[in-house]
Amino acid sequence: MLRPSNHTLLINAAIGMCKSGSKWIHPLADLGFDVRLIEQTMSLADGGGHVKPDLVATSNRCLNALVFDCKGGKNVEKEQADRYRRLTQQDILRWIEIW
């Protein structure tokens with residue numbers, strides 16, 4: 001039997017934490033978070049490229065969003081981290097409605 005990659009295991013854990021009643025602990029679901037996007041490319045409003053998070057979860061109760069980029073390896077590329085640093089609320093709200 002093939003073992004899923006570390007990247008897949010991390011994505012599954014993040015999804016599981018957003019699902020109440022799952023086999024995972026679900027602190028994010030308890031706060032009202034639900035997965036809203038999976039691997040959706042988002043353009044940055046500053047014109048500085050784009051990001052493609054593995055998951056975006058939102059909570060209307062908390063009026064917040066969590067952006068997940070799961071890494072199965074040991075490093076994060078500086079350029080990618082810089083793009084995520086520039087991700088704004090407006091960039092996310094083009095894809096997701098939080099009310």
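Leaving aside its neighbours within four places in sequence, with which residues is R83 in contact?

## Helix α3 and R83

The model discussed here is predicted, and its residue R83 belongs to helix α3, which covers residues 78-85. Once the neighbours within four places in sequence are set aside, R83 is in contact with L44, G48, H50 and V51. The relative accessibility of R83 is 19%, and because buried means under 20% relative accessible area, this residue counts as buried.

## The three-stranded sheet

Three strands form an open sheet in the order β1-β4-β5, and their pairing is antiparallel. The edges are taken by β1 (34-38) and β5 (64-68), each of which has a single partner strand, so that one side of each is left without a neighbour in the sheet. From one strand to the next, the twist averages 25°.

The pairing of strand β4, residues 55-59, with β5 runs in the antiparallel sense over five bridges. Within this part of the sheet, T58 stands opposite A65 in β5. In general, the strands of a sheet pair through backbone hydrogen bonds, in either a parallel or an antiparallel manner.

## Helix α1 against the sheet

Helix α1 spans residues 6-17 and has 12 residues, and the distance from its first C-alpha to its last is 17 Å, which is close to the 16 Å expected at 1.5 Å a residue. The buried residues in α1 are I11, A13, A14 and G16, and the packing of these buried residues is against β4 and β5.

## Two loop residues

S20 is placed in the loop between α1 and α2, and with a relative accessibility of 56% it counts as exposed, because the cut-off for exposed is over 50%. Apart from neighbours within four places in sequence, S20 is in contact with H26 and A29. S20 and D34 are 14 residues apart along the chain, and their C-alpha atoms are separated by 9.6 Å.

L31 lies in the loop between α2 (27-30) and β1, and its relative accessible area of 41% makes this residue partly exposed. With neighbours within four places in sequence again left aside, L31 is in contact with S59, R61 and C62; of these residues, S59 falls within the range of strand β4, residues 55-59. Between L31 and G21, which are 10 residues apart in sequence, the C-alpha to C-alpha distance is 14 Å.

Methods
Residues are numbered from 1 along each chain as its sequence is written. This is a predicted model: local features need pLDDT of at least 70, side-chain atom pairs count only at pLDDT 80 or more; totals for chains, interfaces and linings use all residues. Side-chain values use heavy atoms; hydrogens and water are left out. Helices (H or I, at least four residues) and strands (E, at least two) are DSSP runs, numbered from the N terminus. Buried means under 20% relative accessible area, exposed over 50%, partly exposed in between (1.4 Å probe, protein chains only). Contact means heavy atoms within 4.5 Å. Two strands pair if DSSP finds at least two bridges between them. Axes are lines fitted to C-alpha atoms, for helices over the stretch in contact, and angles run from 0 to 180 degrees between N-to-C directions. The expected span of a helix is 1.5 Å times one less than its number of residues.
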